[in-house]
Amino acid sequence: MGNEWMIYGSYGYTGELVVREAVRRGLRPVIAGRSGSKLAPLADELGLEYRAFDVGQASAHLHDIGVMVNCAGPFSSTAKPLVEACLETRTHYVDITGEIPVFEMCHGLDARAKAAGVVLCPGAGFDIVPTDCLAAMLKERMPGAVTIDLAFSFGTRPSIGTARTIVEGAEAGGLIRRNHRMQQVANGYRIRRIPFPVGARWAVTIPWGDVYTADVSTGVPNGMVYTALPLALGVLMRVTNPLRRLLATGWAQSLLNRVVDRMFGGGPDAQARADQRTEFWGEATDAAGNRLSVRMTAPNVYALTVDTALEIAGHCLSATDQAGYFTPSMLLGSQFIASRAGVDVEW
């Protein structure tokens, strides 16, 4: 295992933010991605080494790399070959996905990762650090919890990667966790008012990563995840369920992705990232019906992702006694998110 570390997908919107913040903190990552012509200007500007390669060629470029941070979505395409390369070269793997199949894949490789002495920690950004830590906090305060429901409000428009993931999942519908199993449900399965810190808002269930990962990190058998949306959009999700197969056709996916590109192609500027806040809520329920809730505010989606991804990558570089699959709260503890600048937790 090498001492260098790498950011793959360095010229994407979020990837470049991670690179620039790493340099601001005095770090010197190797930047990487598929396109050398896109990497070179950033590398020249910041004085960094760059390596251009496709994910299928990654193992040839990782032998001196201690940690890879994968910022290249969709992670359904990039995570598996990069994880396999990391296991081969004994390189810790970190990414910023929110995609449940990626979490399932990495969790399934736990034994191989332990044997290789490698940490696998997908979901090291907004997806899923805040909600994973909230779930772990709730479990610690209510050990007998049988349900943990979570909710968040972006405080800004979703990232293009998140929007594309939603488009790709149009046919699959929603997911909830019931008795430790993923259960497929309709889009817009539950709509409710969530008491976020700044005020109650409508929210709708979505197949967010914690539906799967909260079971791994807390052992709580049941749960759903909500995101704040206007009531009309939540109702629209529900009433268009009969069209799910149509939305999954090639022409519909192409059309929806063009809409996504137009709506989400550019992220917020520096001032917006500094001003915007995200909000979170979590509630645990035990078998007797007792309830415990927690609320939290945190920095902008992108600022939070940059900070936590870099912190987790740095931890992996120094982690000599940890190996296997970890959620963020398993790797750094339930209070990890509460320790970050600009995060406020209230019970």
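Q: Which residue follows H3, and what is its phi like?
A: Arg90 follows H3, and its phi is positive, near 60 degrees. Keep in mind that this is a predicted model: local features need pLDDT of at least 70, side-chain atom pairs count only at pLDDT 80 or more, and totals for chains, interfaces and linings use all residues. Residues are numbered from 1 along each chain as its sequence is written, and side-chain values use heavy atoms, with hydrogens and water left out.

Q: How are helices and strands assigned?
A: They are DSSP runs, numbered from the N terminus: helices are H or I with at least four residues, strands are E with at least two.

Q: What length does H3 reach, and what is expected?
A: H3 covers residues 75-89, 15 residues in total. From first C-alpha to last it reaches 20 Å, close to the 21 Å expected at 1.5 Å a residue. That expected span is 1.5 Å times one less than the number of residues.

Q: Which residues of H3 are buried?
A: Phe75, Thr78, Ala79, Leu82, Val83, Ala85, Cys86, Leu87 and Thr89. Buried is under 20% relative accessible area, exposed is over 50%, and partly exposed is in between (1.4 Å probe, protein chains only).

Q: What do they pack against?
A: The strands are S1 (4-8), S4 (65-70), S5 (92-95) and S6 (119-121). The helices are H4 (100-108) and H5 (110-116). Contact here is heavy atoms within 4.5 Å.

Q: Now the core. Which residues have the most contacts inside the largest one?
A: Leu120 and Ile312, in a nonpolar core of 90 residues. Helix H13 (residues 301-318) gives the most to this core, with nine residues. Such a core is a set of buried Ala, Val, Leu, Ile, Met, Phe, Trp, Tyr and Cys residues joined through side-chain atoms within 4.5 Å.

Q: What does Leu120 touch, leaving aside neighbours within four places in sequence?
A: Its contacts include Val83 and Leu87, both among the buried residues of H3. Tyr93, Cys106, Leu109, Ala113, Gly324, Tyr325 and Phe326 are also in contact with Leu120.

Q: Switching to strands. How do S1 and S2 pair?
A: In the parallel sense, over three bridges. Strands pair if DSSP finds at least two bridges between them. Ile7 stands opposite Ile31 in S2.

Q: And what's on the two faces of S2?
A: S2 is residues 30-33, covered on both faces. Val30 and Ala32 are on one side, Ile31 and Gly33 on the other, and all are buried.

Q: New topic: why does Thr131 count as buried?
A: Because its relative accessibility is 1%. Thr131 is in helix H6 (residues 129-141). Its side chain makes a polar contact of 2.6 Å with that of Asp210. A polar contact is a pair of N or O atoms within 3.5 Å; within protein, one must be able to donate a hydrogen and the other to accept it, and residues adjacent in sequence count only if both atoms are side-chain atoms.

Q: Last one: what does the side chain of Arg277 contact?
A: The side chain of Thr297, at 3.0 Å. A polar atom of the Arg277 side chain also lies 2.8 Å from the backbone oxygen of Gly342. Arg277 is partly exposed, at 34%.
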